[in-house]
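Open the model in your viewer and keep the selection tool at hand.

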Amino acid sequence: MITASIEVAVAALKRGDLVAIPTETVYGLAADASSESAVRRIYEAKGRPLSHPVIVHISGIADLERWATDIPDWAYALAKKCWPGPLTLILKRAAGVGDWVTGGQDTVGLRVPNHPIALEVIKASGFGLAAPSANRFGAVSPTTAAAVLEDLGPYLDLGKDVIFDGGDCSVGVESTIVDATGERPSILRLGAVTREMIEAITQLEVIENTSEIRAPGTLAAHYSPSATVHLKMFEGADGFIGLAELQTPEGMLRLASPKDVSEYAQVLYQALRRADAFGLDNVVAIPPEGQGLAEAIRDRLLRAATKS
Ligand code: TXA
Ligand code: MG
């Protein structure tokens, strides 16, 4: 069912069913992280390979040591400054953390979401919530409850599973993922917590991602709509995404006109989904310039433009 009730969501999680839940980044498809059978259903609904780990969402730093061990001081500093918020830390897993959330690796991904509904559900259930983005594997992440229903509706059992309608996500792109298992932070996925912020907080230089850790969000083709995405002007395209300051080219449907970079992040996935809803074949998306969140948007656009 579709709900806006914390009690309904928590009851579903306690039964071992799935709950699509809003966070500040994108909607997640959540289950009790300590239940192998519940987490397995996430993989089935998403069509996601079992070897790909899922993020465990916790309610605060106090829960860190239940899930992770050997936590460096600089990772604590990041957690203190950035949580709740769009930062996922990859840490050595604590004893008892199941292979079903780690993809069989000895690390676990942890995040405290900055969303009142997600936080309330985690606190009320007493669970860590395993939650990848609530989309079919490889598709564009959902930033509205309607997008979750459209994408996963056929793969959920809505007699038992629940979609929590908590409105639009405010950030709009997935969390920054930082590998915190080495001497220095390494960014595995760009997001709203920027390299500059991480270096300022940790007083360490961020290293290139040379890690062997698997992270499917880092596959070349991901976040892909059905439409072909072009990152510069393309004659004959039928849709256009770009900052408001850019004019809509003749003959193209305007899919988004964000006024700045943070609004660009917020509306990007909805714009890509709209392109598919209109059945467009070719969409021009002019990437924003600059550092920080603009880099995360360029990263997602590049993957959306890459055909698998
Ligand atoms: O903003 C977000 O991070 C959203 C919301 C729902 O929290 N979640 C999300 O989850 O984007 P997902 O599963 O779509 O992407 C999580 C990424 C994947 O690329 C996964 O491989 C990586 O995190 N990941 C999770 N645990 C990991 C681990 N132990 N080691 C390496 N990568 C990990
Ligand atoms: Mg995802």
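Which element gives the largest share of the lining of the largest pocket? Strand S11 does, with 3 residues. This is a predicted model, in which local features need pLDDT of at least 70, side-chain atom pairs count only at pLDDT 80 or more, and totals for chains, interfaces and linings use all residues. Residues are numbered from 1 along each chain as its sequence is written.

**First stop: the largest pocket**

The volume here is about 190 Å³. A pocket is an open set of points on a 1 Å grid over the protein atoms alone, where a 1.4 Å probe fits, with protein on both sides within 12 Å along at least five of seven lines; lining residues have an atom within 4 Å of a point. Select Ile187, Leu188, Leu190, Arg195 and Asn209, the closest to the pocket centre of the 10 lining residues. Then colour strand S11 (186-189) and helix H10 (293-304), the elements that give two or more residues to this lining. By class the lining has 4 nonpolar, 1 polar and 5 charged residues.

**Second stop: the second largest pocket**

Move on to a volume of about 150 Å³. Select Thr143, Thr144, Ala146, Ala147, Glu150, Gln270, Arg273, Arg274 and Ala277, which line this pocket. Helix H7 (145-152) and helix H9 (261-277) each supply at least two of the lining residues, and the largest share, 4 residues, is from H9. Finally, colour domain 1 (2-202) and domain 2 (228-304): both give residues to the lining of the second largest pocket, so this pocket lies between them.

How values were computed. Chains lettered and ligands numbered in written order. Heavy atoms only, no water. Points joined across faces, edges and corners; volume = space filled by probe spheres on them. Nonpolar A, V, L, I, M, F, W, Y, C, P; charged D, E, K, R; others polar. Domains from an automatic or database assignment.
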